[in-house]
Amino acid sequence: AGTLRALADNRKLYIGSAINTAHMNNGQYTSILAEQYNMAVAEWECKHTAIAPNANTINWNLCDRIADFCQDNGMGFRYHALAWYFSLPGWFKGLNPNDKRNALTSFTERVIDHYVDRVLWWDVANEAMDDNQPDGGQTPRYRSDGALYPAIPDWVSHTFHVASRALSAKNKPFKLYYNDYGVASMDGWSRGKSNAMYNMVRGLQRDGVIDGVGFQLHINTYYDLVDGVRKNIQRYGELGLEVQFTELDVGCGEWRAPTGEMVGGDRWVPCADWGDAQASRQASVYSALMAVCLDEPNCTAYVMWGFTDRHTWLTNSRPLLYDENYNKKPAWWALRDML
Ligand code: XIL
């Protein structure tokens with residue numbers, strides 16, 4: 001059948017979407033997901049603050065709902081994310097450094113125990129790199145938010161080692177990922193951060209605790225760094241690492257920020273001229289990235305941060321494959337043709 005899912009299955013490619021449980025009672029929402037995608041990820045439900053809102057509470061319900069949906073529909077499930085500064089619960093932020101390290105360890109082990117049978121790919125650490133890497137990334141600079149860095153100076157490597165040890169003991173297949181934004185292309189404005197991430201990942205790889213890297217790709221219709229994305233995938237391939245596009249969305253572009261990768265919904269410039277021209281630019285960006293992922297053998301998944309403009313973290317941006325009324329947009333047809 002002419003669904004993205006069936007076409008991607010034939011290409012041995014994973015094509016995915018983020019799922020938000022707030023909309024799962026809507027049958028149209030869930031039937032498009034199961035029909036069009038062979039993998040998924042939780043938009044919020046599996047993050048630290050969602051699972052452990054209080055120091056002594058663990059609530060698997062919402063994350064389970066998405067994990068079970070994937071299992072019931074034969075879809076692969078990506079776990080997102082074991083360690084991310086932005087999704088730490090308040091109680092965690094108040095701990096002293098030593099207790100933080102222990103809390104990170106026990107959260108990682110508990111999540112792995114609970115989800116080992118249902119998860120294929122794990123985002124172990126998310127958004128660790130500072131945006132500003134003035135030396136071109138030779139000595140990677142970490143994002144300093146206080147809660148993870150510098151409180152736990154080695155939090156990335158620590159979490160990877162804990163996850164690798166815990167999963168290795170289980171005798172199940174697993175892939176450990178590092179995920180970030182503003183790092184997909186090794187050229188242009190993202191060069192410094194991309195190189196910094198590459199250098200950090202090489203260290204993890206020497207330790208044998210990483211399998212792949214996720215490029216978020218929150219971008220806009222003026223994104224013009226696709227060649228640099230290809231070269232970056234290739235250099236990770238030379239290390240034996242996989243690459244996945246993990247949070248792709250292509251927002252309506254503003255010429256004032258022509259190639260900017262969005263770093264948060266709040267910084268997005270609403271688009272004044274949404275229309276056919278933007279819709280077709282958007283389709284071209286989606287399909288150019290799909291072409292690269294299909295070409296490069298170590299690019300194993302193409303995951304979007306949702307599928308309908310009705311439900312997206314980016315307001316006034318219309319970044320996804322279906323419009324607000326669940327109609328297919330030119331970008332959907334472009335991906336269909338490419339697959
Ligand atoms: C976002 C979700 O879309 C929002 O619903 C939530 O409030 C905040 O997180 N980078 C990531 C994702 O890795 O987890 C973020 O998701 C978007 C940016």
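Select Pro150 first, which is placed in the loop between strand E4 (121–126) and H7; helices (H or I, at least four residues) and strands (E, at least two) are DSSP runs, numbered from the N terminus. The peptide bond that joins Tyr149 and Pro150 is cis, with omega about 10 degrees. The model is a predicted one, in which local features need pLDDT of at least 70 and side-chain atom pairs count only at pLDDT 80 or more, while totals for chains, interfaces and linings use all residues. Residues are numbered from 1 along each chain as its sequence is written.

Next, select Glu127, which also belongs to the loop between E4 and H7. Glu127 is not a glycine, yet its phi is positive, at about 55 degrees. Is Glu127 buried or exposed? Glu127 counts as buried because it has 24 C-beta neighbours inside 10 Å. A residue is buried if 20 or more other C-beta atoms lie within 10 Å of its own, exposed if 12 or fewer, and partly exposed in between, with C-beta atoms placed from the backbone.

Move to Ala128, in the loop between E4 and H7. Ala128 is buried, since 23 other C-beta atoms lie within 10 Å. Not counting residues up to four places away in sequence, Ala128 touches Tyr142, Arg143, Val156 and Asp180; two residues are in contact if their C-beta atoms, placed from the backbone, lie within 7 Å.

Now display helix H6 (residues 97–115) and helix H7 (residues 155–168), whose axes come within 10 Å and cross at roughly 35 degrees. Axes are lines fitted to C-alpha atoms, for helices over the stretch in contact, and angles run from 0 to 180 degrees between N-to-C directions. On the H6 side, select Arg101, Leu104, Thr105, Thr108, Glu109 and Ile112; they meet Trp155, His158, Thr159, Val162, Ala163, Ala166 and Leu167 in H7. The residues of this contact divide into seven nonpolar, four polar and two charged. Here Ala, Val, Leu, Ile, Met, Phe, Trp, Tyr, Cys and Pro count as nonpolar, Asp, Glu, Lys and Arg as charged, and the others, Gly among them, as polar.

Beyond H7, select Asn171, in the loop between H7 and strand E5 (175–180). Asn171 has a positive phi of about 60 degrees although it is not a glycine. With 7 C-beta neighbours inside 10 Å, Asn171 counts as exposed.

Turn to strand E3 (residues 76–84), which holds Ala81. The peptide bond from His80 to Ala81 is cis, with omega near 5 degrees.

Select Ala40 next. Leaving aside neighbours within four places in sequence, its contacts are Gly16, Ser17, Ile19, Leu33, Ile66, Cys70, Met75 and Phe77.

Continue to Val226, found in helix H9 (residues 226–238). Val226 is partly exposed, because 17 other C-beta atoms lie within 10 Å. Which residues are in contact with Val226, leaving aside its neighbours within four places in sequence? They are Ala288, Leu289 and Val292. Val226 and Leu289 are 63 residues apart in sequence and 6.5 Å apart in space, C-alpha to C-alpha.

Finally, select the ligand. The residues that surround the ligand are Glu43, Trp44, Asn126, Gln216, Glu247 and Trp313, a shell defined by C-beta atoms, placed from the backbone, that lie within 6 Å of the molecule. This shell divides into two nonpolar, two polar and two charged residues.
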